[in-house]
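Hi everyone, thanks for coming. Let me put today's model on the screen, and then we'll walk through it together.

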Amino acid sequence: MFGEFEQLYNGVDANSFIELVDMATNTLMQEKQTRQITGGMVDGRVIKLVEVPDELFIVGDLHGDLKSLLLVLKEIDYESKLANSRNKLIFLGDYVDRGRSSIEVLYVICYLKHKFPNSVILMRGNHEAPMEFPFSSHDLPIKLTQEFGRNVAHSIYYDKILHFFELLSLFVFVPEQILMVHGGLPIEFELLRRNKAEGIQDRSITNAVMEELLWNDPIEHIDRGLEWEYSRRGYGKHFGIEVSKRWLDASTTKLVVRGHEPCQGFKINHDGRILTLFTCREAYPNFGAAYLRISADELLYLIQGKDIVQNIKKLAV
Ligand SMILES: [Mn+2]
């Protein structure tokens, strides 16, 4: 049914897995050296897509759900779509933890980045955890040990995976159109205003900003009319509509697309300014899965974020 990924249902062998992680890592390092991707500019962990992609596909949290990932690839006919590097498939991060197939999902996304380097953009989620923000539901090291044998989690394997995680994008944007992050907008928006012409830059992403990009959530109401509050997640913040308005105004974009929160495939916050996508069912049986598919024309004629709902594709259960 899924062609070349069919064998993944029987697991991945350690050598071919780590070989692919190495290849994807090299692809990401090369991209950072040349500072280019088709139709866009790469500044470290920031990607600016100067040309609106012919077709744009965005996938939210996967959390080790191989089946949902392969369904999306099949529905979008990935081999023919990704062969055209003016199309873009953007993953919002959170590939691992919670589901059964974190290793297989990593395998597939590494394969895609290696095979279609100019069509695929991999963002970092909070589960692709930086050393600075460890948390307890990170079960990837245990999965590696179970699948590849004792001590793998503390070996060169895990080091290579961590290095790969460090190269993933934190902020991707299409000027005049959309901003993409895993979690949310940092409440410190001075960092955008300072570099208004260029947008956010890699060097503006301090650890504190990275924490917010990976962990923040939009919220509709905050006590006493405050613009933000600390998150109950332990890291990051809840940001209110004023923060969203300021970011979209300053960057002259229409919409933020992010993942990070389970929902029925998608949800809208802040009067259509924030779209959340969630593309995982296995570890969240009470939620739905969906992805976004939008053409350049549809994106250019988008007036407000709410209008994008017609481009959301729900995954069949
Ligand atoms: Mn997340």
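Let's start with the metal: the donors of the manganese ion follow the spacing D-x31-N-x55-H-x77-H along the chain. By donors I mean N, O and S atoms within 2.8 Å of the metal (3.2 Å for Na, K and Ca), and with water not among the atoms, sites may look incomplete. Two of them link distant parts of the chain: His182 is in the loop between strand 8 (178-180) and helix 7 (190-193), while His260, 78 residues apart from it, is in the loop between strand 12 (255-258) and strand 13 (266-269). Helices (H or I, at least four residues) and strands (E, at least two) are DSSP runs, numbered from the N terminus.

Before going on, this is a predicted model, where local features need pLDDT of at least 70 and side-chain atom pairs count only at pLDDT 80 or more, though totals for chains, interfaces and linings use all residues. Residues are numbered from 1 along each chain as its sequence is written, and side-chain values use heavy atoms, leaving out hydrogens and water.

Which atoms are the protein donors? They are Asp94 (OD), Asn126 (OD1), His182 (NE2) and His260 (ND1), at 2.1 to 2.3 Å from the ion. Both His182 and His260 are buried, that is, under 20% relative accessible area, with exposed being over 50% and partly exposed in between (1.4 Å probe, protein chains only).

Five strands form an open sheet in the order 6-5-4-15-16, with mixed pairing; strands pair if DSSP finds at least two bridges between them. Strand 6 (120-122) and strand 16 (312-314) are at the edges with a single partner strand each, so one side of each has no neighbour in the sheet. Further in, strand 4 (residues 55-59) pairs with strand 5 (residues 88-91) in the parallel sense over four bridges, and Val59 stands opposite Phe91 there. Thanks, happy to chat!
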